Structures are given as structure tokens and as C-alpha cells.
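Hi,

Here is the structure I said I would pass on. Have a look at it first, and then read my notes below.

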Amino acid sequence: DLQVNGQITPRACTVSLSDNGVVDHGRIMARTLNPSDFTVLPNLQMGFSVSCDGLVLFALMGVDNKPESSLAPERLFGLGMNIHAPTERLGTVTLSLRGPVGDMQPMQTLTSPDRGITWTPEPHVYPGQYMGFAATGETLPKPIRQLVASLRVDTSISPANTLTLKEEVPLDGSITLDLIYL
């Protein structure tokens, strides 16, 4: 059997992230982690852009590639599981887009929990929800040719007393930002 798939679209867009989309918190000493509460790491920001070859109505959707490690899969992205104790969730990642500018105009971010039927202003990217962009004060996404923003990444490590930390444990969050043509 041979299956051939694809889509023909009148316009195409390219998504770019600075730092090759890698957030590296470096080495974190286990003794510096809060024993009974989440340890919030310094947030990191990276450049984010969408460039289209014409005006395109699109949305972004965050896909958690480690959903089993999320403490709240509908709101938070997972940080991976402890490789030495596979039932231990390492923590959470949240994403938000800050200061979006579309076609040289300030924009606001909108979130849709129902795949584009309804939209509300919201800067956070939630797993499985659409994120669109509208002129400030509007509540429906608009077509954009060029979008730039800052992608803020907030990472929190689970309380140390819930983790086995006798060996080095790599943080292993993985998130895909899908571009969806509306």
C-alpha cells in the first residue's frame, strides 16, 4: 500500500525561534532546590517570529511532547520524568508571548480552547489550545504577513522532597509550536 498525503495552500508561513529553540538552564545544584515547594528558575526569553509570503490567517498550538510528565496537562507543559525514578515528574514549563507586533502594529494574543470557535485575550500558550493574534481591543484573529514577539519560558522544578536526586538528572521538556492555517 502506498499513501500520499499533503495539502495545497495558497500561502505559506515560516516560524523561527532564536537560540535554535533551546532553553538551557545549565547545572542546578540539588541543594539549592526548595525542599517542599516548587523552585522557580529565572525566566528566559527568546525571539519568536512568523513570516508569511502574504496575509495569512493562522493560529499557533502548543503540543507537549512529554504530556505524561505534566502536573496539569490542560495548563502546563511537562519538564520530563526522572530517569532514575521514572514515576517522578520533574516539574513544569509555561510559555507566553510578550509584545507581539504584526505587520508593524501592536497586537494582542488570543486563546481559543475550542479550535477557533471562541477567542479570549490571553498571553499564555496552553497545551492543545489555539493562540491567535488580533489588533489591540479586538477579539477575532486577523491575517498577518509578519509577526514578531518575545517568547517567555518559565520553568519550575518540583519540590526536592518529591524527587530522587542521588545522581545527575537531566531536565527533559519538549514542546512543539504548531502553526495552523485557519
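Before the notes, one cut-off: a residue is called buried when its relative accessible area is under 20%, and exposed when that is over 50%, with partly exposed in between. Keep in mind as well that this is a predicted model.

By that cut-off Phe133 is buried, because its relative accessibility is 1%. Phe58 sits in strand E4 (residues 58-64) and Phe133 in strand E12 (residues 130-135), so the pair ties together parts that are 75 residues apart in sequence. Phe58 is buried too, with a relative accessible area of 3%.

Arg75 lies over the face of Tyr126, and the distance to the ring centre is 3.7 Å.

Next, the cysteines. Searching the whole structure turns up one disulfide. It is formed by Cys13 and Cys52, whose sulfur atoms are 2.0 Å apart. Which hand does the disulfide of Cys13 and Cys52 have? The torsion about the S-S bond is about 105°, so it is right-handed. As for where the two ends sit, Cys13 is in strand E1 (residues 13-17) and Cys52 is in strand E3 (residues 44-56), so this pair ties together parts that are 39 residues apart in sequence. Both Cys13 and Cys52 are buried.

Last, a couple of backbone angles. Most residues other than glycine have a negative phi. Asp19 is not a glycine, yet its phi is positive, at about 55°. You will find Asp19 in the loop between E1 and strand E2 (39-40). Asp19 counts as exposed, because its relative accessibility is 54% and the cut-off for exposed is over 50%.

Asp103 also has a positive phi, of about 50°, without being a glycine. Where is Asp103? Look in the loop between strand E8 (91-102) and strand E9 (105-112). With a relative accessibility of 29%, Asp103 counts as partly exposed.

That is what I have so far.

Cheers

Terms used: Residues are numbered from 1 along each chain as its sequence is written. This is a predicted model: local features need pLDDT of at least 70, side-chain atom pairs count only at pLDDT 80 or more; totals for chains, interfaces and linings use all residues. Side-chain values use heavy atoms; hydrogens and water are left out. Helices (H or I, at least four residues) and strands (E, at least two) are DSSP runs, numbered from the N terminus. Buried means under 20% relative accessible area, exposed over 50%, partly exposed in between (1.4 Å probe, protein chains only). A charge sits over a ring if NZ of Lys or CZ of Arg is within 6 Å of the ring centre and within 35 degrees of the ring normal. A disulfide is a pair of cysteine sulfur atoms within 2.5 Å.
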